[in-house]
Amino acid sequence: VQLQAFGGGLVQAGDSLRLSCTASGLTFSRHYMGWFRQPPGKEREFVAGISRTGSRTSHADSVKGRFTISRDNAENTVYLQMNSLKPEDTAVYSCAAGNAGTLYSVYYTRSSDYVNWGQGTLVTVSS
């Protein structure tokens with residue numbers, strides 16, 4: 001299983017960025033997916049999650065209204081659209097896949113709820 005995240009970079013506060021994560025080695029449509037981030041010197045934290053079909057999503061309070069998770073099962077890709085970026089959004093962003101065939105729950109916000117992880121992409125937001 002390989003999850004490849006890309007799209008990070010250096011942006012200014014207020015800018016937008018879209019992250020993508022492409023999966024291989026698994027039946028993508030059978031896995032709920034999530035985005036997590038790890039700010040410098042801090043613990044990894046949940047950002048957003050999405051069900052297998054994309055019909056249900058959840059977002060952390062800190063990003064609600066600014067970030068949107070979506071997926072394209074035909075492209076084996078999950079996205080994170082990030083708008084109105086703030087300096088505190090600076091972090092390494094990683095995507096993760098949940099257990100195959102498991103119904104998604106909005107309570108899947110822990111790292112242990114996900115079984116496959118990709119390398120992250122760095123997002124830096126300057127003030």
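Guide: A nonpolar core is a set of buried Ala, Val, Leu, Ile, Met, Phe, Trp, Tyr and Cys residues joined through side-chain atoms within 4.5 Å. This is a predicted model, in which local features need pLDDT of at least 70, side-chain atom pairs count only at pLDDT 80 or more, and totals for chains, interfaces and linings use all residues. Residues are numbered from 1 along each chain as its sequence is written, and side-chain values use heavy atoms, with hydrogens and water left out.

Visitor: Which residues have the most contacts inside the largest nonpolar core?

Guide: They are Trp35, Val78, Leu80, Met82 and Tyr93, in a core of 35 residues. Two or more residues each come from β1, β3 (17–24), β4 (31–38), β5 (45–50), β7, β8, β9 (91–100) and β11 (121–126). The largest share, five residues, is from β9.

Visitor: What does leucine 80 touch?

Guide: Contact means heavy atoms within 4.5 Å. Leaving out residues up to four places away in sequence, leucine 80 touches Leu17, Arg18, Leu19, Trp35, Val47, Ala48, Phe67, Thr68, Ile69 and Tyr93.

Visitor: Why is serine 94 called buried?

Guide: Buried means under 20% relative accessible area, exposed over 50%, and partly exposed in between (1.4 Å probe, protein chains only). Serine 94 has 11%, so the residue counts as buried. Serine 94 lies in strand β9, and among the residues it touches are Trp35, Phe36 and Trp117.

Visitor: What makes β7 and β8 a pair?

Guide: Strands are DSSP runs (E, at least two residues; helices are H or I, at least four), numbered from the N terminus. Two strands pair if DSSP finds at least two bridges between them. β7 and β8 (residues 77–82) have six bridges, in the antiparallel sense, so they pair. Phenylalanine 67 stands opposite methionine 82 in β8.

Visitor: How many bridges join β1 to β3, and how many join β3 to β8?

Guide: β1 and β3 pair over five bridges, antiparallel, with glutamine 2 opposite serine 24 in β3. For β3 and β8 there are six, again antiparallel, and serine 20 stands opposite tyrosine 79 in β8.

Visitor: What strand order does the open sheet have, and why are β1 and β7 at its edges?

Guide: The four strands run β1-β3-β8-β7, with antiparallel pairing. β1 (2–6) and β7 (67–72) each have a single partner strand, so one side of each is left without a neighbour in the sheet. From one strand to the next, the twist averages 15°, where axes are lines fitted to C-alpha atoms (for helices, over the stretch in contact) and angles run from 0 to 180 degrees between N-to-C directions.
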